[in-house]
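The following exercises concern the chain displayed below. Each task is followed by a solution in steps.

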Amino acid sequence: MIGTGKLLGVSTHNLDQFKDAAATSADYVAVGPVFSTSTKADPDPVVGIEFIRRVRLLTDKPIVAIGGITLNRAAEVIRAGADSVAVVSDIFLAPDPGQRVRQYIELLEVANDAAAV
């Protein structure tokens, strides 16, 4: 047990890992890298948007997309079936990281509202 109010996720990089993670008691499953990323020196192969569409059908657990996520790509990732995104470079390399975070929040609120309809 990790404690009240804590979430546990499992990172996955291919279909077999995703299926295994979805069968666990994890609260969410992370998928990536969705796009090419420079955050890691030796990243796993890119899984792409179509992978998110495919695995969305395999679980009701939240899916977190990670890897190469930018403000321009975030809505596409949500439309493909991800529930949220994990972002590093696009925030830390922005001229105003706080403003970039606010942009993500606004964009994802709109994307999630549209997906719920």
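**Exercise 1. With which residues is Ala-22 in contact, leaving aside its neighbours within four places in sequence?**

Step 1. Ala-22 is in contact with Val-29, Thr-59 and Lys-61 once those neighbours are set aside; contact means heavy atoms within 4.5 Å.

Step 2. The model is a predicted one, in which local features need pLDDT of at least 70 and side-chain atom pairs count only at pLDDT 80 or more, whereas totals for chains, interfaces and linings use all residues. Residues are numbered from 1 along each chain as its sequence is written, and side-chain values use heavy atoms, with hydrogens and water left out.

Step 3. Ala-22 belongs to helix α1. Helices (H or I, at least four residues) and strands (E, at least two) are DSSP runs, numbered from the N terminus.

Step 4. The relative accessibility of Ala-22 is 18%, so the residue counts as buried. The classes are buried (under 20% relative accessible area), exposed (over 50%) and partly exposed (in between), with a 1.4 Å probe and protein chains only.

**Exercise 2. Identify the salt bridges and locate the partners of each.**

Step 1. Apply the rule: a salt bridge is a side-chain nitrogen of Lys or Arg within 4 Å of a carboxyl oxygen of Asp or Glu. The count by this rule is three salt bridges.

Step 2. Arg-53 and Glu-50 form a salt bridge with an N to O distance of 3.3 Å. Both residues lie in helix α2 (residues 49-56), three residues apart, which is about one turn of the helix. Arg-53 is partly exposed at 39% relative accessible area, while Glu-50 is exposed at 54%.

Step 3. Arg-56 pairs with Asp-83 in a salt bridge whose closest N and O atoms are 2.7 Å apart. This pair links distant parts of the chain, 27 residues apart: Arg-56 is in helix α2, and Asp-83 is in the loop between α3 (71-80) and β4 (84-86). Asp-83 is partly exposed, at 35% relative accessibility.

Step 4. Asp-90 and Arg-100 form a salt bridge at 3.0 Å, N to O. Asp-90 lies in helix α4 (residues 89-92) and Arg-100 in helix α5 (residues 97-116), so this pair ties together parts 10 residues apart in sequence. Both Asp-90 and Arg-100 are buried.

**Exercise 3. Which residues have the most contacts inside the largest nonpolar core, and which elements supply it?**

Step 1. A nonpolar core is a set of buried Ala, Val, Leu, Ile, Met, Phe, Trp, Tyr and Cys residues joined through side-chain atoms within 4.5 Å. In soluble globular proteins, nonpolar side chains tend to be buried together.

Step 2. The largest core has 28 residues, and those with the most contacts inside it are Val-34, Ile-69, Val-77, Val-85 and Tyr-104.

Step 3. At least two residues of this core come from each of α1 (15-22), β2 (28-31), α2, β3 (63-66), α3 and α5. The element that gives the most is α3, with five residues.

Step 4. In α3 the buried residues include Leu-71, Ala-74, Val-77 and Ala-80. Not counting residues up to four places away in sequence, Ile-52 touches Val-77 and Ala-80, among others. Ile-52 lies in helix α2 and is buried, at 0% relative accessibility. The C-alpha atoms of Ile-52 and Ala-80 are separated by 6.0 Å, although the residues are 28 apart along the chain.

Step 5. Leaving aside neighbours within four places in sequence, Tyr-104 has contacts including Ile-69, Leu-71, Val-85 and Asp-90.

**Exercise 4. Where are the cis peptide bond and the positive phi?**

Step 1. Most residues other than glycine have a negative phi, and most peptide bonds are trans.

Step 2. The cis peptide bond joins Gly-32 and Pro-33, with omega about 0°. Pro-33 is placed in the loop between β2 and α2.
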